[in-house]
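Trainee: I would like to learn how to read a protein model. Can you take me through one, feature by feature?

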Amino acid sequence: MIKASIITIGDELLIGQTIDTNSAWMAQELNKAGIWVQRRVAVGDVWDDIWQTLDAEAAQSHIVLITGGLGPTADDITKPLLCKYFNGNMIVHPETLERVKHIFEVLLKRPLLERNLKQAEVPDTCQVITNHKGTAPGMWFEKAGVVFVSMPGVPFEMKEMMSREVMPLLQGHFKPAPIFHRTLLTAGAGESFIAERLVDFEAQLPAHIKLAYLPHFGLVRLRLTATGAAATEAEVQSKFGQLQQLVNDIMVVNEDISLHQAVANLLLAANATLAIAESCTGGYISHQITSLAGSSNFFIGSVVSYANDVKNNLLDVQQATLAQHGAVSEATVREMAAGVREKMNTQYAVATSGIMGPGGGSEDKPVGTVWIAIASATRTTAQRFHFRFDRQRNIELTTMQALNMLRLFVLEDSAHA
Ligand code: AMP
Ligand code: MG
């Protein structure tokens, strides 16, 4: 098993000002490639701490990945330290110099400072790795059979460098045993409920195939992973077929995509359009939809109808409905969905209204009470939920449930078409 350590460098990580998202993302990439991450360490911009951490991790791992501390400011010491650690001398790397100049002169149209030119310097003991998204280059070192790769801390620069340059280089260098993943997405059932159902399935899996449960906001992803010499794609595929049968009723999609992507695919396949009326989710569902490339092919628009006046004026929710049942009610979401669908002339509409907390609850409508409606020209469904979390999680869960209700609604239509 090829083993890796991840070292993230920066004082801001230690004080919690920046959340270390880099190592989680890198660990996922390594894992997918069949490389085992055995340790993740965060250290400050402190010479001795970084040095000792390099020693300690190199003694344990075949691969040591490092991010952070490559900026042009005085607090960033990773590059001079690596230069010393690998007994090198700083030299100008001509291609990086050209790229840094290009970025400043052509793209940013800002004068190039001496400290920016420093970004083009690298230790002569490294192989330079291109940074396609920024100025600080990556560096690949080898020492006593261990590979060290230093990358920038800026997440989008690091990700591009990992995907385009570092992962292919690592795979070529270490040739990790192939690893096969198959992932499906479920909605509406808890982790332990699913685990109960899969007891027998898990028990008969061979040792080289593992089942992982990856829960997130009411959704659970199930991932089968086969590793090692005995692993074959055909066997994983066959086990994945069995797994799909066992969770058929709660499965959203048999691939590793988001719920909103799955819903988008469904709407596109049905050649249908969508409008949304959002009260308690404040535009979050629309945000999820519009974060998908190509959403303009089915998403027409939304109304964030937070105040009752907006529900009434823009969506034609009756004053009497609001007065009699309240904004958080079945009658209101039904009228919201019907109203926005008619205004925007779409096949489908979604509406949400709820009390997200922490204030605003009452005895018969406690915090976390949410109504969701889905409408087409011929029918409307509505459902009540009661979420028991904080505001942000309640919004996330409402979004998930709304998208899942829409998915089931469209599927039912497709089945009868
Ligand atoms: P640096 O390379 O240390 O100059 O970091 C550049 C930027 O990337 C800073 O805004 C950091 O907060 C951010 N950053 C550094 N390390 C990480 C990390 N492990 N996870 C997420 N962001 C990071
Ligand atoms: Mg830093």
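Mentor: We will go through a sheet, a helix, salt bridges and a surface patch. Keep in mind that this is a predicted model.

Trainee: Over how many bridges do strand 10 and strand 11 pair?

Mentor: They pair over 8 bridges, in the antiparallel sense. Take one residue as an example: Pro215 has Val220 in strand 11 as its bridge partner.

Trainee: Now salt bridges. How many does the structure hold?

Mentor: The structure holds 11 salt bridges. One of them joins Arg182 and Glu233, with the closest N and O atoms 3.1 Å apart. This pair links distant parts of the chain, 51 residues apart: Arg182 sits in strand 9 (residues 180-187), Glu233 in helix 10 (residues 233-246).

Trainee: Which residue forms a salt bridge with Asp256?

Mentor: Arg221 does, with the closest N and O atoms 3.1 Å apart. This pair also links distant parts of the chain, 35 residues apart. Asp256 is in the loop between strand 12 (251-253) and helix 11 (259-269), while Arg221 belongs to strand 11 (residues 219-226). Asp256 counts as exposed because its relative accessible area is 53%. Arg221 is partly exposed at 21%. Elsewhere, salt bridges that share partners join Arg379, Glu412 and Asp413 into one network.

Trainee: What is the N to O distance between Glu121 and Lys118?

Mentor: Their side chains meet in a salt bridge at 3.9 Å. Glu121 is partly exposed at 22%, and Lys118 is partly exposed at 47%.

Trainee: On to burial. Which residues of helix 2 are buried?

Mentor: In helix 2 (residues 22-32), the buried residues are Asn22, Ser23, Trp25, Met26, Ala27, Glu29 and Leu30. Their cover includes strand 1 (3-9), strand 2 (36-43), strand 3 (63-67), strand 8 (146-151) and helix 7 (155-174). Just after the helix, Gly34 takes a positive phi of about 85°.

Trainee: Why does Thr273 count as buried?

Mentor: Thr273 counts as buried because its relative accessibility is 18%, and the cut-off is 20%. This residue lies in the loop between helix 11 and strand 13 (274-278). Among the residues that Thr273 touches are Phe298, Ile300 and Tyr348.

Trainee: Last, the surface. Which residues form a nonpolar patch there?

Mentor: Val106, Leu107 and Leu108 do, with about 260 Å² of accessible area together. Leu108 is found in helix 5 (residues 94-108). Leu108 is partly exposed, at 37%.

Definitions and conventions
Residues are numbered from 1 along each chain as its sequence is written. Chains are lettered from A and ligands numbered from 1 in the order in which they are written. This is a predicted model: local features need pLDDT of at least 70, side-chain atom pairs count only at pLDDT 80 or more; totals for chains, interfaces and linings use all residues. Side-chain values use heavy atoms; hydrogens and water are left out. Patches are made of residues with over 30% relative accessible area and no salt bridge: like charges are joined within 9 Å, nonpolar side chains (Val, Leu, Ile, Met, Phe, Trp, Tyr) within 5 Å. Accessible areas come from the Shrake-Rupley method with a 1.4 Å probe; for residues, only the protein chains shown count as cover. A salt bridge is a side-chain nitrogen of Lys or Arg within 4 Å of a carboxyl oxygen of Asp or Glu. Helices (H or I, at least four residues) and strands (E, at least two) are DSSP runs, numbered from the N terminus. Buried means under 20% relative accessible area, exposed over 50%, partly exposed in between (1.4 Å probe, protein chains only). Contact means heavy atoms within 4.5 Å. Two strands pair if DSSP finds at least two bridges between them. Lists of a residue's contacts leave out its neighbours within four places in sequence.
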